[in-house]
Amino acid sequence: MTFRIRATYLSFSALLVVACASTTPPLTEFPAGIRTPSATEIASLVKGKSFNLASGGMRSDYGAAGNDITVYFSGRSDKGTWRAEDGRICCEFTTIPSACHDVRLLGNDIYRKRSNGQVTQLLPR
């Protein structure tokens, strides 16, 4: 019986190591060939739209009228306002920390560098 438990544990451990080793680390730099959008372009790309982060765990809804934003994450949500700047989008929230994120475009794809340095794609919903 002890041998079976140990063998199962070792098999599971090996599987876990392989899974962790094969996971692609998050991007910390924008992909090659990107360009920096203007504030006007950023605003037109996000206003009235919803996005999921490609890295998962977060959804952002940008209001169609005005500059309101609602984010959903970890079973919670927060509301605030956003503004576009050349190459950046800044958000001010009521609960979570406010931040400005660098934004870049690659064709029609929108990339954002998060406060933790992770670069992730915004996927339209």
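So, secondary structure: this protein has two helices and eight strands, where helices are DSSP runs of H or I with at least four residues, strands are runs of E with at least two, and the numbering starts at the N terminus. Along the sequence the pattern reads α-α-β-β-β-β-β-β-β-β.

Before going on, a word on what we're looking at. This is a predicted model, so local features need pLDDT of at least 70 and side-chain atom pairs count only at pLDDT 80 or more, while totals for chains, interfaces and linings use all residues. Residues are numbered from 1 along each chain as its sequence is written, and side-chain values use heavy atoms, with hydrogens and water left out.

Touching, or contact, means heavy atoms within 4.5 Å.

β2 and β3 run antiparallel, joined by five bridges, and M58 has F73 in β3 as its bridge partner. The hairpin they form has five residues between the strands, and G66 in that turn has a positive phi of about 90°.

Next, β3 pairs with β4, residues 76-85, over six bridges, again antiparallel. F73 turns up here too, standing opposite R76 in β4. Two residues separate the strands in this hairpin. Which residue in the turn has a positive phi of about 45°? That's S74, and S74 is not a glycine. S74 counts as exposed because its relative accessibility is 70%; the cut-offs are under 20% relative accessible area for buried, over 50% for exposed, and partly exposed in between, with a 1.4 Å probe and protein chains only.

Moving on, β5 and β6 pair antiparallel over four bridges, with C91 partnered by A99 in β6. Five residues make the hairpin link between β5 and β6. Then β6 and β7 are joined by five bridges, antiparallel, and L105 stands opposite I110 in β7. Their hairpin has two residues between the strands, and G107 takes a positive phi near 65° there. Finally, β7 (residues 109-113) and β8 (residues 119-124) share four bridges, antiparallel, and Y111 faces Q121 in β8.

Now the inside. In soluble globular proteins, nonpolar side chains tend to be buried together. In this protein, the largest nonpolar core has 18 residues, and Y62, I69, V71, W82 and I89 have the most contacts inside it. By nonpolar core I mean a set of buried Ala, Val, Leu, Ile, Met, Phe, Trp, Tyr and Cys residues joined through side-chain atoms within 4.5 Å. At least two core residues come from each of α2 (39-46), β1 (50-53), β2 (58-62), β3 (68-73), β5 (88-93) and β6. Take I69: beyond four places in sequence, its contacts include Y62, W82, C91 and F93.

Two more residues to look at. H101 sits in β6, residues 99-106. Is H101 buried or exposed? It's buried, because its relative accessibility is 10%. A polar atom of the H101 side chain lies 3.2 Å from the backbone oxygen of K113. Beyond four places in sequence, H101 is in contact with G87, R88, I89, R112, K113, R114 and S115.

R35 is in the loop between α1 (2-22) and α2. At 41% relative accessibility, R35 counts as partly exposed. Its C-alpha atom is 8.8 Å from that of G87, 52 residues away along the chain. Outside four places in sequence, R35 touches E41, R104 and L105. The side chains of R35 and E41 make a polar contact of 2.5 Å, the term being a pair of N or O atoms within 3.5 Å; within protein, one must be able to donate a hydrogen and the other to accept it, and residues adjacent in sequence count only if both atoms are side-chain atoms.

And for the whole protein: of 125 residues, 30% count as buried.

Terms used
Pairing = 2+ DSSP bridges.
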